[in-house]
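Me: I have a protein model open and would like to learn how to read it. Can we go feature by feature?

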Amino acid sequence: MFSLSTQNDSNRGLSIHYLILITVIVAAGLSQGLLLPVLSIFLEQMGVSSSVNGLNAAALYVGSFAMTLVAERTLGALGFKKLVSAGLVLVLVSVILFPLVPSVKVWFVLRLLVGIGDSAVHYAAQLWVLMVTPAEYRGRNLSLYGMSYGLGFSFGPLGIQLLKYGNAVPFIVLALLMLLVLVLVWAKLPDFRPERTEGEAQPPRRFRRSYALAWYALLPALLYGYMEAGINSNFPVYGLRTGMGESQIAFLLPFIGIGGLILQLPLGMLSDRFGRKNVLIACGLIGGAAFMAVPLAGTATAWLVLLLCLAGGMVGSFFSLGLAYAADILPKALLPAANVVASFHFNIGSIAGPNIGGILMQYGWNGGVFVVMGLAFALFGAVGTAFRTSGGRSQEPL
């Protein structure tokens, strides 16, 4: 953990800093939500195979995964403000270069850099929010922080509609936004630097014990990463191959995130009342069925809106509900290890999603993108009925 050696800020100062960090995370969400589908469309139009398209998209999450391994030490060396700024600069430079160098290999490298930059921004900004928020507002502020990223990610695909003004226009708009956020961060945020505290070491056995006790609660992060990256990377290609236009794809994509935003708080409240595992099982089964029904809707916009919104609503809270369930199950001493495991799971799922969907489409099974994804969530729901403690008691929250 970290502690900050700085004077207490005023409530007004905290509010301003928090709002700036919220702006940062909305911009980070927009960058991922826009780049995934726009670049997938370009690669499809360039004649690149769907499997290579998926591999190229997964580069973003490979970069994110790599940054996770060194984020703690990098933050200690640079401090919060400089790490957020460095992440924004990486994303900004990459966004400018995408339309200037239309090469599959170069785009792979640029996506790696975007992943590194976004991961740096997320790690520093989220921990910064945790540090500067008063204890009585911490839960509310962290929830709003998470919803802000979801909002940015959900509306990022609307940038597809800017393509009618020129292929470079979405990148120009995104670059200007990132530049404004970078200036805001550099001009207004204080230069906090973390100090290490004792007791940070986490032996490997803590990770093994976390898996042993809470493997079911840690799987939702894997599935959520698989869904988020897979849908945003593969759906544009799926849409083009099934006869949709770019405007229809841009209109439909945000409904996955919109459904998650609408149901995030209600599902959290239901999990408090009826148990986290029960809600996860129900969401997995319903969300899985909705995903599997998507190919049956063809190109019918109304049905696709309904199914995507329902599926996204059911599984959009998987990451947070899974971590909450892990907190119900695990001793407090194992929660840091569980959070690290969940982050790794998310990145692994994010890398797998675009690649599995791309391979399925390459071999002619376009609908397999949604069928396989739906089966994964449905299987998760079914397996939940067998999850028990070592003593045979069902793992329900106290």
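Me: Among contacts in the protein chain between residues at least 6 apart in sequence, what percentage join residues at least 24 apart?

Reply: A contact means heavy atoms within 4.5 Å. Here 85% of those contacts join residues at least 24 apart. Some ground rules come next. This is a predicted model, where local features need pLDDT of at least 70, side-chain atom pairs count only at pLDDT 80 or more, and totals for chains, interfaces and linings use all residues. Residues are numbered from 1 along each chain as its sequence is written, and side-chain values use heavy atoms, with hydrogens and water left out.

Me: What is the mean pLDDT of the protein chain?

Reply: pLDDT is the predictor's confidence in each residue, from 0 to 100. The chain's mean is 81, and 85% of its residues reach 70 or more. Residues 1–11 stay under 50, and the model has 24 contacts for them beyond four places in sequence. Residues 389–398 also stay under 50, with 20 such contacts.

Me: How many helices and strands does the protein chain have?

Reply: Helices (H or I, at least four residues) and strands (E, at least two) are DSSP runs, numbered from the N terminus. This chain has 14 helices and 2 strands.

Me: What percentage of the residues count as buried?

Reply: Buried means under 20% relative accessible area, exposed over 50%, and partly exposed in between (1.4 Å probe, protein chains only). Of the 398 residues, 51% are buried.

Me: Which residues touch the most other members of the largest nonpolar core?

Reply: In soluble globular proteins, nonpolar side chains tend to be buried together. A nonpolar core is a set of buried Ala, Val, Leu, Ile, Met, Phe, Trp, Tyr and Cys residues joined through side-chain atoms within 4.5 Å. The largest one here has 110 residues, and Leu 35, Met 227, Ile 231, Phe 235, Phe 291, Phe 318 and Phe 370 touch the most other members. Helix H1 (residues 11–45) gives this core its largest share, 16 residues. Domain 1 (14–193) and domain 2 (205–387) both contribute residues, so the core lies between them. Domain bounds come from an automatic or database domain assignment.

Me: What is Ile 231 in contact with, leaving aside neighbours within four places in sequence?

Reply: Its partners are Pro 236, Leu 253, Ile 256, Phe 291, Phe 370 and Met 373. Phe 370 and Met 373 are among the buried residues of H14.

Me: How far does helix H14 reach from its first C-alpha to its last?

Reply: The expected span of a helix is 1.5 Å times one less than its number of residues. H14 (residues 368–384) has 17 residues and reaches 24 Å, close to the 24 Å expected. Helix H3 (residues 80–100) has 21 residues and reaches 31 Å, close to the 30 Å expected. Buried residues of H3 include Phe 80, Lys 81, Leu 83 and Val 84.

Me: Is Gly 79 buried or exposed?

Reply: Gly 79 counts as buried because its relative accessibility is 0%. Gly 79 lies in the loop between H2 and H3. Its C-alpha is 7.0 Å from that of Asp 191, although the two are 112 residues apart in sequence.

Me: What does Thr 74 touch, not counting residues up to four places away in sequence?

Reply: Thr 74 touches Met 67, Gly 79 and Leu 83. Thr 74 sits in helix H2. Thr 74 is partly exposed, with a relative accessible area of 23%. Val 70 is also in H2 (residues 50–78), and Val 70 is partly exposed at 32%.
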